[in-house]
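Look over the chain before reading on.

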Amino acid sequence: MRTRDIDYHCGDTHLRGYLAFKDASGKRPGLLVFHEGLGLGDFAMERARRLAEHGYVALAADMFGERRQAANLEQATRLIGALRTEPATLRARGRAALATLAALPEVDAGKCAAIGFCFGGTVVLELARDGADLRAVVSFHGVLATKLPAAAGAVKPSVLVLSGAEDPLAPPDQVAAFEDEMRAANVADWQVISYGNTLHGFANPAADGSIMRSALYNAQADRRSWAAMHGLLDEVLA
């Protein structure tokens, strides 16, 4: 497997992603991986490598710039808040990562998808709302609320939301509002899977409640959500 850092820009912001792929002949589907609220680190990179083993060209994107990482919840809140209050900037950085991935010679630009965890789950949903040219987006324990709901007919990809039923960052009223948004926008293919007795951060083995009490790894939900993701990707990227 080949791995390397990859530099790209969004306006004046320097972004440093992480690329993983296996040598193979011909172009392959491309997958974006968007990191959690602490920034691009080991977890997102490991997931990129797992996807590369499956045959994808995987780019773990940098949303904060200069591959900044937060050391605690306060720092993460500041980094995330700066983008959530400016959804146009958030979407532009996501699109910059997509353009970088699609331009790679190994990638079939017509077969790209995006997955994201926590804050990254929010990013992929914002890309879908913005009409990004993706086959699928998969949100793992992402925040579902938005300042810019999808317009009718705008969402192109299949949408899969994987959420913990006890996640305080995606409470039942916001899940219901998201489902109403998908209906109002006439999204052709969307689904929400809710895992019982499951909190925020369920897909990350490092989530032990130390940074956020409501973020706790759940091996069963991790395994089932990863399988649900592959089920969708195998279908839409075939």
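## Overall fold

How many helices and strands does the protein chain have? The protein chain has six helices and eight strands. Helices (H or I, at least four residues) and strands (E, at least two) are DSSP runs, numbered from the N terminus. From the N terminus on, the order is β-β-β-α-β-α-α-β-α-β-β-α-β-α. The radius of gyration of the protein chain is 16 Å, close to the 18 Å that the globule rule gives for 238 residues, so the chain is as compact as a globular protein of that length. That radius is taken over C-alpha atoms, and the globule rule is 2.2 Å times the number of residues to the power 0.38. Along its principal axes the C-alpha trace spans about 45 × 40 × 35 Å.

This is a predicted model: local features need pLDDT of at least 70, side-chain atom pairs count only at pLDDT 80 or more, and totals for chains, interfaces and linings use all residues. Residues are numbered from 1 along each chain as its sequence is written, and side-chain values use heavy atoms, with hydrogens and water left out.

## Surface and interior

Of the 238 residues in the protein chain, 54% are buried. Buried means under 20% relative accessible area, exposed over 50%, and partly exposed in between (1.4 Å probe, protein chains only). The accessible surface of the protein chain comes to about 10,100 Å². Carbon and sulfur atoms own 50% of that surface. These areas come from the Shrake-Rupley method with a 1.4 Å probe; for residues, only the protein chains shown count as cover.

Contacts (heavy atoms within 4.5 Å) also tell about the fold. Take those in the protein chain between residues at least 6 apart in sequence: 67% join residues at least 24 apart.

## Charges and salt bridges

The protein chain carries 25 positive and 28 negative charges, and their mean positions are 3 Å apart. Lys and Arg count as positive and Asp and Glu as negative; His and the chain ends are not counted. Each charge is placed at NZ of Lys, CZ of Arg, CG of Asp or CD of Glu. Side chains of opposite charge can pair when their charged atoms come close. The structure holds 14 salt bridges. A salt bridge is a side-chain nitrogen of Lys or Arg within 4 Å of a carboxyl oxygen of Asp or Glu.

Which parts does the pair of Arg 67 and Asp 5 tie together? The two side chains meet in a salt bridge (2.9 Å, N to O). Arg 67 lies in the loop between strand S4 (57-61) and helix H2 (73-84) and Asp 5 in strand S1 (residues 2-10), so the pair ties together parts that are 62 residues apart in sequence. Arg 67 is buried, at 18% relative accessible area. Asp 5 is partly exposed, at 40%.

Asp 222 forms a salt bridge with Arg 47, with the closest N and O atoms 3.1 Å apart. This pair links distant parts of the chain: Asp 222 sits in helix H6 (residues 219-236) and Arg 47 in helix H1 (residues 42-53), 175 residues apart. Asp 222 is buried at 8% relative accessibility. Arg 47 is buried too, at 2%.

Arg 78 and Glu 74 form another salt bridge, at 3.4 Å between the closest N and O atoms. They are four residues apart in helix H2, so about one helical turn separates them. Are Arg 78 and Glu 74 buried or exposed? Both are exposed.

A network of salt bridges links Arg 91, Arg 95, Glu 126, Arg 129, Asp 130 and Glu 181. Glu 126 belongs to helix H4 (residues 119-129). Glu 126 is buried, at 5% relative accessibility. Leaving aside neighbours within four places in sequence, Glu 126 is in contact with Leu 90, Arg 91, Ala 145 and Thr 146.

## Backbone points

Most residues other than glycine have a negative phi, and most peptide bonds are trans. Glu 66 has a positive phi, near 55 degrees. Glu 66 lies in the loop between S4 and H2 and is exposed at 54% relative accessibility. His 141 also has a positive phi, near 40 degrees. His 141 is in the loop between strand S6 (136-140) and strand S7 (158-164). His 141 is buried, with a relative accessible area of 0%.
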